[in-house]
Amino acid sequence: MIEMTLREIADIVGGTLHDVSDPAVTVTGAVEFDSRRINSGDLFLALPGEHVDGHDYAGKAVASGAVAVLAARPVGVPAIVVEPFASAADAAASRSYVLAHDTDGSGAAVLAALAKLARASVDRLAAAGLNVVGVTGSAGKTSTKDLLARVLAPLGAVIAPPGSFNNELGHPWTALRAGADSRFLVLELSARGPGHIKALTEIAPPRIGVVLNVGTAHLGEFGGRDAIAQAKGELVEALPPTGVAVLNADDPRVAAMAARTRARVVTFGQASGADVRATDIVLDSEARARFTLHANGSHAEVHLAVYGEHQISNALAAAAVALECGADLDTVARALAGATVDSAHRMDVRTRPDGVTVVDDSYNANPDSMRAALKALVSMSRAGGTPDAPRGRRSWAVLGEMAELGEESVVEHDGIGRLAVRLDVDRLIVVGTGRPARALHQGAVMEGSWGEESILVPDIESAIALLDNEIAAGDVVLVKASNSAGLWAVAQHVLASGEQGTEAAG
């Protein structure tokens, strides 16, 4: 965040100063909503949560070095106080993620103030040369954000969110990490309904907007792919005439968004007409792609360090942005070759000492990302085939429920179970007791002549017990579900048990 006095901040957010002896005191640090992370010079954000209210930690935050608190009521220490919303309708209009725990509208009011502060900071920085890059899509936002941070780094300092910090809190919080030395601000934009992406673009107006795909994530909330496409296109509608819309030429719904923007359009994909495209694609034994990158009449060879064929599209999107920002093709190719996905539980591939490979993709799941992960699993396991073992390594898919699919949930889960059979996954463990989990298991059973190859277990502990008994050296284990399922615990246990087994053997 650029340095601002408490008086400046109060004027920006429409708040009043309470218990402030000197309005000229300057916030020189970050904006933080976790009192445990406060450092000297920070501004503490008081938000109500499910179990605790940030207002109750205001004193602790100031004692830890916070200059003041952004709050919805006086808290007995220096504070900028904003008025809670007058009605539930006004609070709901802010689309605040804390509304479920926000009985008096205070959380929504503080978030609205945070958005105003972020906008003021970004506007000043953009006038000084900050490039704001927005990324949206049904799948791949976080992976692409991580790739963008790597390919833009040779051009200047990059600010990007940790993990999937892409909602009404994470978006302005990330924007406020940008400072005078930042050249690029890379932001994810998520949506749970129409107008959400538009609202995020108003917090940090992008100059470059990337749309990756239109899939089935949040299908239940939107009601169909056309509605999802309409919402994702809000990003390119927000771009200025001097901006750049980076669109996936391989997705017809995304390609059609060219008609919805005033910005110049750059396309990426495997289509022959794409401005930035990949040819000669080959996957190695760990499902990492090697391809020829074409752009601006030149080409370069790329060997990705990230896993899965679906990462090619994400890499092309990142390359297109970097090229638009002034990078040359060879620099982009080198950066992509060294880039990893830094966010936790997203195609995180690790191998135990006994050769068991664990693919932890448990942070989130929708039908598109589930299909991509299963294909990567099979590619990794089959790559090790020999004349004596033509099927290669044994593959395990430990899958949980995909959230927010609405009326399509049973059909989509059934389809993933059937796909596991068609891809010839060796063993499928479905975790859960709900209808979606049962549909996933039943789809696998009905698709082929599977017997015990597909097993439905009620909980994480049961999945762990089964794996402990049956996985063997050299197996490949994919763990994937929506984050709410908590299946990351399975991946962590399998990795840890491998280390313990090595120590015991030694």
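Arg371 counts as partly exposed, at 26% relative accessibility; here buried means under 20% relative accessible area, exposed over 50%, and partly exposed in between, with a 1.4 Å probe and protein chains only. The structure is a predicted model, in which local features need pLDDT of at least 70 and side-chain atom pairs count only at pLDDT 80 or more, while totals for chains, interfaces and linings use all residues. Residues are numbered from 1 along each chain as its sequence is written, and side-chain values use heavy atoms, with hydrogens and water left out. Helices (H or I, at least four residues) and strands (E, at least two) are DSSP runs, numbered from the N terminus.

**Salt bridges**

- A salt bridge is a side-chain nitrogen of Lys or Arg within 4 Å of a carboxyl oxygen of Asp or Glu, and by this rule the count comes to 25.
- Side chains of opposite charge can pair when their charged atoms come close.
- Arg371 forms a salt bridge with Asp368, at 2.9 Å from N to O.
- Asp368 and Arg371 are separated by about one helical turn, because they stand three residues apart in helix α14 (residues 367–382).
- Asp368 is partly exposed, with 21% relative accessibility.
- A network of salt bridges with shared partners joins Asp414, Arg418, Arg422 and Glu447.
- Asp34 and Arg36 are linked by a salt bridge whose closest N and O atoms are 3.0 Å apart; Arg36 is exposed at 68% relative accessibility, whereas Asp34 is buried at 18%.
- In the salt bridge of Glu286 with Arg288, the closest N and O atoms are 3.1 Å apart; Arg288 is partly exposed at 22% relative accessibility, and Glu286 is partly exposed at 23%.

- Two packed helices are described by the angle between their axes and the distance between the axes.
- Axes are lines fitted to C-alpha atoms, for helices over the stretch in contact, and angles run from 0 to 180 degrees between N-to-C directions.
- The axes of α15 (residues 409–422) and α16 (residues 435–447) come within 7 Å and cross at roughly 40 degrees.
- This crossing of α15 and α16 is right-handed, meaning that the near helix is turned clockwise from the far one by less than a right angle, with anticlockwise being left-handed.
- Contact means heavy atoms within 4.5 Å; α15 contributes Ser409, Val410, His413, Asp414, Ile416, Gly417, Arg418, Val421 and Arg422, and α16 contributes Arg435, Pro436, Ala439, Leu440, Gly443, Ala444, Met446 and Glu447.
- The residues of this contact comprise eight nonpolar, four polar and five charged; Ala, Val, Leu, Ile, Met, Phe, Trp, Tyr, Cys and Pro count as nonpolar, Asp, Glu, Lys and Arg as charged, and the others, Gly among them, as polar.

- The expected span of a helix is 1.5 Å times one less than its number of residues.
- Helix α4 (residues 106–127), with 22 residues, reaches 32 Å from its first C-alpha to its last, close to the 32 Å expected.
- Gly129 follows α4 and has a positive phi, near 115 degrees.
- Helix α5 (residues 141–152), with 12 residues, reaches 16 Å between its first and last C-alpha, close to the 16 Å expected.
- Helix α5 is mostly covered, with 10 of its 12 residues buried, including Lys141, Asp146, Leu147 and Val151.
- The cover over the buried residues of α5 includes β8 (131–136), β9 (157–159), β10 (182–188), α12 (311–324) and α13 (329–338).

**Loops with positive phi**

- Most residues other than glycine have a negative phi.
- Glu404 has a positive phi near 60 degrees and lies in the loop between β19 (395–399) and α15; Glu404 is partly exposed, at 38% relative accessible area.
- Asp424, which is not a glycine, has a positive phi of about 70 degrees and sits in the loop between α15 and β20 (427–431); Asp424 is partly exposed, at 33% relative accessible area.

**Two further residues**

- Ser395 lies in strand β19 and is buried, with a relative accessible area of 0%.
- Leaving out residues up to four places away in sequence, Ser395 touches Leu377, Ser381, Arg382, Asp424, Val425, Asp426, Arg427 and Val476.
- Gln270 lies in the loop between β13 (264–269) and β14 (276–283) and is partly exposed, with a relative accessible area of 42%.
- With residues up to four places away in sequence not counted, Gln270 touches Asp250, Ala278, Ile281 and Ile312.
- The C-alpha atoms of Gln270 and Met446 are separated by 34 Å, the two residues being 176 residues apart along the chain.
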